[in-house]
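Me: Please pick one packing arrangement in this model and go through it closely, then place it in its surroundings. Give the cut-offs as you go.

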Amino acid sequence: MKTIIKYVLLDLFKNKIILIYTLLLAVLAISLLSLDDNPSKGLLSLLNVTLLFVPVITILFATIYFFNAVEFTELLLSQPIRRERVILAEYAGVALPLCAAYAAGVGLPLLFIVSGTQSLVLVLTGVLLTLVFSSLALLIFVTSKDKTRGIGIAIVAALFFTLLFDGLLIGFIYAFSDYPIDQAVVGMIALNPVDLGRVLMLLQLDVAVLMGYSGALFKKFLGSAAGSVFSAVCMLFWVIVPLLLSVRIFRKKDL
Amino acid sequence: MIGIEQLTKSFGKFRALDNISLQLQAGQAVSLLGPNGSGKTTLIKSILGLVIPEKGTITINGHVVRRDWRYRAGIGYMPQIGRYPDNMTIRQVIRMIKEIRGEHRQYDEELIHGFGLDKAMDKTMRSLSGGTRQKVSACLAFLFSPDIYILDEPTAGLDPVASELLKEKITRERAAGKLILITSHVLSDLEGIASHIIYLQDGRLVLYKSVEALQAATGEEKLNKVIAQVMKAGLPGAEDNEA
């Protein structure tokens, strides 16, 4: 398994898209952070950029990579090696370079401009989001029949989590505004990894109350520390559950 | 060596393999023939465990394919289309497969030298032509001197020199008592290699006989004429297959 991870990494670290992605993140990070003297504002803009771009780019890149590597996967599976190991190694091989790209692109500028817990949490949020959406990409890969359909589903999934879900949430909040739904809303946020990432970061920034319903609710119900732990744990679930599900399905998949 | 019992596989409504039973022995060079979509690749992939059978069992040297993945150490597989990660070099691909089969230390690198790949080791897979990629696939299949070779359209895309080299290699391996399972649309390529013919149609086993028996039955020498005769005559003797 280590062997496969090593060689997929060797391949992907020479990949141009990963390189461009890293540079793009670095340029965005440096420009957003130097726009304003208040580092909190810079971090907030960077958070919004992260929440918008990381899920889309990760899920698309990973899905396309998995589908393009079908023949390579077949070659690996014709070797004396367990199926589970092949698929997990491919996941790690794709997720790690994407995480590294985020950590380098956003993390390094942050380290020099605003180092501190808040920056660390932002990088952690980005890395967790990358892991979540690579995991979802793997699930899409093992469940879809062909590449075109897989990419379609990936786009819909990314749009759902970045845009549509919040719309539905707001609709829900308006529709049931006469009822005590606060706790239900907190529960619903756990259903969206992007919102969880937002909450995780906002709780660090002292602007939680200003940043809409979800942040305020988390602050109110869970307090900063408990809220952070809760959202981080939920995000880990978003990594592990699709991953385990993918392994289960892949065991019986025809190639 | 390979035993297949009542193997059935459907994709949706389409029945790719229908109740196939076969026994393949060491020293045979079995040629798998049939029109497009007759189930050749599905049969090969079932043996490799890439396709999960719906019904029936496959055993390889006594190991049931479904339960034990270790049997694949004894198989060399050359796929129809070999695609590799773009930025990997030939050297990296070969080294990776060697590392995966870490316990195996003796390598048969005859083809690597024969094809001249040792001079192109640092080229990336993206930059290779289809034929060269096919050569890499062939080298990987023969690298570990397995007991069973499964070759899916091995000569497609190879230049005549490379194709001849590969055929000689196959003949030598067969003489060494290996089992070779090969599909090809180019019947003349199988001339002198194949010892047995399996003919599939619509996922059913139509014919499994030795080449000598077919030559005697049809009165033809050349393999393509033999097959043409057999198909024209409505595939006689399908009842007394060797299986």
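Reply: The crossing of α3(A) and α5(A) is right-handed; a crossing is left-handed if the near helix is turned anticlockwise from the far one by less than a right angle, and right-handed if clockwise. This is a predicted model, in which local features need pLDDT of at least 70 and side-chain atom pairs count only at pLDDT 80 or more, while totals for chains, interfaces and linings use all residues. Residues are numbered from 1 along each chain as its sequence is written, and chains are lettered from A and ligands numbered from 1 in the order in which they are written.

Helices (H or I, at least four residues) and strands (E, at least two) are DSSP runs, numbered from the N terminus. Helix α3 of chain A covers residues 39-68 and helix α5 of chain A residues 83-113; their axes lie 11 Å apart at an angle of about 150°. Axes are lines fitted to C-alpha atoms, for helices over the stretch in contact, and angles run from 0 to 180 degrees between N-to-C directions. The angle therefore makes α3(A) roughly antiparallel to α5(A) (under 35 degrees is roughly parallel, over 145 roughly antiparallel, 65 to 115 roughly perpendicular, the rest oblique).

On the α3(A) side, the residues that meet α5(A) are Leu46(A), Val54(A), Thr58(A), Phe61(A), Ala62(A), Tyr65(A) and Phe66(A). Their counterparts in α5(A) are Glu90(A), Val94(A), Leu98(A), Tyr102(A) and Val106(A). Contact means C-beta atoms, placed from the backbone, within 7 Å. The residues of this contact divide into 10 nonpolar, one polar and one charged. Ala, Val, Leu, Ile, Met, Phe, Trp, Tyr, Cys and Pro count as nonpolar, Asp, Glu, Lys and Arg as charged, and the others, Gly among them, as polar.

Helix α5 of chain A also has α4(A) against it: the buried residues of α4(A) pack against α1 and α5 of chain A. Six of the eight residues of α4(A) are buried, namely Phe72(A), Thr73(A), Glu74(A), Leu75(A), Leu76(A) and Leu77(A). Buried means 20 or more other C-beta atoms within 10 Å of the residue's own, exposed 12 or fewer, and partly exposed in between, with C-beta atoms placed from the backbone.

Lastly, the contact between the chains takes 21 residues from chain A and 26 residues from chain B. On the chain A side, α1 (2-12) and α4 (70-77) are the elements that give two or more residues. The residues of that side divide into 10 nonpolar, four polar and seven charged.

Technical notes. Contact = placed C-beta atoms within 7 Å.
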